Amino acid sequence: APVVVAIDGPSGSGKSTVSRAVAARLGLSFLDTGAMYRAMTWWMLANEVDVDDAEAVAVACAKPVIVSGTDAAGPTITVDGQDVSGPIRGPEVTAQVSAVAAVPQVRARLVELQQGCARVAERGIVAEGRDMGSVVFPDATVKIFLTASETARAGRRAAELRAKGVDEATITAMAADLARRDAADSSRETAPLAQAADAVLVDTSELTLDQVIATIAELVEE
Ligand code: ADP
Ligand code: CDP
């Protein structure tokens, strides 16, 4: 059977960077499921759906056509054919995504798309998010739970935003938002962020990116 590597963890633990690099190194497809929740949220905001109205979100979430390109060399994400890879990283979407991701109908729809991506991945896939090992790919070949101290995670996000030229006030606001979002993601009823019983815990606080990538690639090749 094709390899499925499931990587979960809180924001800033290194999931996207590490998953993409591991996929590229091992010749596997790559799926950023957070980008799909962000794309759904972007569409809700663009169409003036009240994201705090779970029933409205549940009804509307059937409408957008979300397509994730799974090439590790250049992942893409479109909504109704429009490239949204830029806007889905902005503060508006980031602030609202946890509310949208807590709606069961949203999750059901995106989980189906995610499983479809894995089915068509020729050599296998590295999929990262919050519920890859627990819900989407319970039979994954390898499950990793990536963590890092809150200080390390907030510091990495800030450095990333600073490098993009984002102003300090927005960086401070997004740091506060990171803690709030992690709490929301961990405490929601449907598919809360939690380490699966059979997942390997990797704490990246004191590791370099190269060390994390090598550790996970080794676990997959075992
Ligand atoms: P996530 O997808 O979990 O939110 P990212 O992959 O976006 O995390 O990583 C956040 C930032 O942390 C990236 O800019 C990444 O380069 C940086 N980073 C620095 N050191 C590490 C490390 N040891 N492990 C993982 N990421 C790191
Ligand atoms: O970039 P960051 O690590 O901060 O977040 P992300 O991976 O892009 O995910 C954005 C949000 O989507 C998370 O805060 C969760 O609310 C939600 N999400 C989820 O519920 N389940 C997933 N499998 C992936 C993301």
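The model is predicted. One open sheet has 5 strands with parallel pairing. Another open sheet has 3 strands and antiparallel pairing. Ligand 1 has 16 residues around it, and ligand 2 is surrounded by 13. Helix H1 gives the most residues to the shell around ligand 1, while helix H2 gives the most to the shell around ligand 2.

**The parallel sheet**

- Strands of a sheet pair through backbone hydrogen bonds, either parallel or antiparallel.
- The 5 strands of the open parallel sheet follow the order S2-S6-S1-S7-S8.
- Strand S2 (29-32) and strand S8 (200-203) are the edges; each has a single partner strand, so one side of each lacks a neighbour in the sheet.
- From one strand to the next, the twist averages 20 degrees.
- Strand S7 (residues 142-147) pairs with S8 in the parallel sense, over 4 bridges.
- Phe 145 has Leu 201 in S8 as its bridge partner.
- Helix H9 lies across strand S1 (3-8), S7 and S8. H9 runs at about 165 degrees to S8.

**The antiparallel sheet**

- The 3 strands of this open sheet are ordered S3-S4-S5, and their pairing is antiparallel.
- Strand S3 (66-69) and strand S5 (82-83) stand at the edges with a single partner strand each, so one side of each has no neighbour in the sheet.
- Strand S4 (residues 76-79) and S5 run antiparallel and are joined by 2 bridges.
- Val 79 has Gln 82 in S5 as its bridge partner.

**Around ligand 1**

- Of the 16 residues around ligand 1, the nearest are Gly 14, Lys 15, Ser 16, Thr 17 and Arg 156.
- H1 gives the most to the shell around ligand 1, with 4 residues.
- The shell around ligand 1 has 9 polar, 4 nonpolar and 3 charged residues.

**Around ligand 2**

- Ser 11, Gly 34, Tyr 37, Ala 101 and Gly 129 are the closest of the 13 residues surrounding ligand 2.
- At least two residues of this shell come from each of helix H2 (33-46), helix H4 (91-101) and helix H8 (168-187).
- H2 gives the most to the shell around ligand 2, with 4 residues.
- By class, the shell around ligand 2 has 5 polar, 5 charged and 3 nonpolar residues.

**Helix H1 against helix H9**

- Two packed helices are described by the angle between their axes and the distance between the axes.
- The axes of H1 and H9 cross at roughly 55 degrees and come within 9 Å.
- That angle makes H1 oblique to H9.
- The crossing of H1 and H9 is right-handed.
- From H1, the contact takes in Thr 17, Val 18, Ala 21, Val 22, Arg 25 and Leu 26.
- From H9, Leu 209, Val 212, Ile 213, Ile 216, Ala 217 and Val 220 meet them.
- The contact of H1 with H9 has 10 nonpolar residues, 1 polar and 1 charged.
- Thr 17 of H1 takes part in this contact and is also among the residues that come nearest to ligand 1.

**Helix H2 against helix H4**

- The axes of H2 and H4 come within 8 Å and cross at roughly 105 degrees.
- H2 and H4 are therefore roughly perpendicular to each other.
- H2 contributes Tyr 37, Arg 38, Met 40, Thr 41, Trp 42, Met 44 and Leu 45 to the contact.
- H4 contributes Glu 92, Val 93, Gln 96, Val 97, Val 100 and Ala 101.
- The contact of H2 with H4 has 9 nonpolar, 2 polar and 2 charged residues.

**Helix H2 against helix H5**

- H2 packs with helix H5 (residues 104-120) at an angle of about 135 degrees, and their axes are 11 Å apart.
- H2 and H5 are therefore oblique to each other.
- Their crossing is right-handed.
- Thr 33, Met 36, Tyr 37 and Met 40 of H2 meet Val 106, Leu 110, Leu 113 and Gln 114 of H5.
- The contact of H2 with H5 holds 6 nonpolar residues, 2 polar and no charged.

Technical notes. Residues numbered from 1 in each chain as written. Chains lettered and ligands numbered in written order. Predicted model: local features only at pLDDT ≥ 70, side-chain atom pairs only at ≥ 80, totals over all residues. Near = placed C-beta within 6 Å. Nonpolar A, V, L, I, M, F, W, Y, C, P; charged D, E, K, R; others polar. Pairing = 2+ DSSP bridges. Axes fitted to C-alpha atoms, helices over the stretch in contact; angles between N-to-C directions. Contact = placed C-beta atoms within 7 Å. Parallel < 35°, antiparallel > 145°, perpendicular 65-115°, else oblique. Left-handed = near helix turned anticlockwise from the far one by under 90°.
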